[in-house]
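I opened my notebook on this one to look at how two chains meet and at a few side chains along the way. Here is what I looked up, in the order I looked.

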Amino acid sequence: MIFARDLSPSLTGLVKSVDAATSDLKAAKAGSFVVMLSDDDQLEERIKKLDEAEKFQKIVLTIDNVAGPKGFAIAKEAEVTVVLYRKKKVVKTFAFGKTGPQEKDVQAIVKEFRTMAETKDEPKPKEQDRKKP
Amino acid sequence: MSRVMLAALWLGCVAAAGAAEEIKSGPEVGKSVSAFHPLNVTGAAAGEKACLV
């Protein structure tokens, strides 16, 4: 999930790359979404126009309050915060200030996303392998 | 070393320290992510407040 404060060009670049990766990772059941932390009345319309222009395939765009959801500790000075999680546990986070994520940051995020999504779970032990008393 | 050079060196160090400062944001690694319900603008639940976690 990506928390952001404004629809900047650097955010758009990140969203496009993550959307493309999410489409590739369909078999891994990966998902992605953006949470715009804003009270701008015009933002919903701006998001719809961006979606029409970019034609995002998988990523979902949402809006929440400026402070962000409770318990997520989104810093006020962070323009973009990326939270990678698997089975509802945080695996890695990235945070960016005013300049937002640059190309090398986007590549690093997508790489981590792919690695995390493609990691296979350890198989559970079979019943007959357990020792009986 | 002249005063000007010392000042320039000091400014360079301060600038480098500022650039290297990392922003900490988001939950800690290993922590559970909890449900929340943002307004979905796009996607299957467009127009509704729905949890995507």
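Entry 1, a term first. I call a residue exposed when its relative accessible area is over 50%, buried when it is under 20%, and partly exposed in between. With 54% relative accessibility, A:Asp24 is therefore exposed. I also noted that this is a predicted model.

I found its side chain in a salt bridge with that of A:Arg114, at 2.8 Å from N to O. A:Asp24 belongs to helix H1 (residues 9–24) of chain A and A:Arg114 to helix H3 (residues 103–118) of chain A, so this pair ties together parts that are 90 residues apart in sequence. A:Arg114 has a relative accessible area of 27%, so I put it down as partly exposed.

I looked up both ends: A:Asp40 is partly exposed at 31% relative accessible area, and A:Arg46 is partly exposed at 32%. Another joins the side chains of A:Lys104 and A:Asp105, with 3.4 Å from N to O. Is each end of that pair buried or exposed? A:Lys104 is exposed, at 61% relative accessible area, whereas A:Asp105 is buried, at 17%. I also noted a network: salt bridges with shared partners join A:Asp6, A:Asp40 and A:Arg46.

How many residues of chain A are in contact with chain B? I got 35 residues of chain A, in contact with 21 residues of chain B. I wanted an area too, as the size of an interface is often given as the accessible area lost when the parts come together. Between chain A and chain B about 2300 Å² is buried, and carbon and sulfur atoms give 66% of that. On the side of chain A, the residues that lose the most area to chain B are A:Phe72, A:Lys88 and A:Val90, which together make up 24% of what that side buries.

I looked for salt bridges between chain A and chain B and the count is zero. Polar contacts do turn up: ten residue pairs across the interface, both residues at pLDDT 80 or more.

The largest share, seven residues, comes from S5(A). By kind, I sorted the residues of this side into 21 nonpolar, five polar and nine charged.

S3(A) is joined by two bridges to strand S1 (residues 39–40) of chain B, and the two run antiparallel. I found A:Thr62 opposite B:Asn40 in S1(B).

Which residues other than glycine did I note with a positive phi? One is A:Lys55, at about 55°, in the loop between H2 and S3 of chain A. Its relative accessibility is 57%, so A:Lys55 counts as exposed. Another is A:Ala73, with phi near 50°, in the loop between S3 and S4 of chain A. A:Ala73 is exposed as well, with a relative accessible area of 53%.

How values were computed
Residues are numbered from 1 along each chain as its sequence is written. Chains are lettered from A and ligands numbered from 1 in the order in which they are written. This is a predicted model: local features need pLDDT of at least 70, side-chain atom pairs count only at pLDDT 80 or more; totals for chains, interfaces and linings use all residues. Side-chain values use heavy atoms; hydrogens and water are left out. Contact means heavy atoms within 4.5 Å. Buried area is the accessible area (1.4 Å probe) that two parts lose on being put together, summed over both. A salt bridge is a side-chain nitrogen of Lys or Arg within 4 Å of a carboxyl oxygen of Asp or Glu. A polar contact is a pair of N or O atoms within 3.5 Å; within protein, one must be able to donate a hydrogen and the other to accept it, and residues adjacent in sequence count only if both atoms are side-chain atoms. Helices (H or I, at least four residues) and strands (E, at least two) are DSSP runs, numbered from the N terminus. Ala, Val, Leu, Ile, Met, Phe, Trp, Tyr, Cys and Pro count as nonpolar, Asp, Glu, Lys and Arg as charged, and the others, Gly among them, as polar. Two strands pair if DSSP finds at least two bridges between them. Buried means under 20% relative accessible area, exposed over 50%, partly exposed in between (1.4 Å probe, protein chains only).
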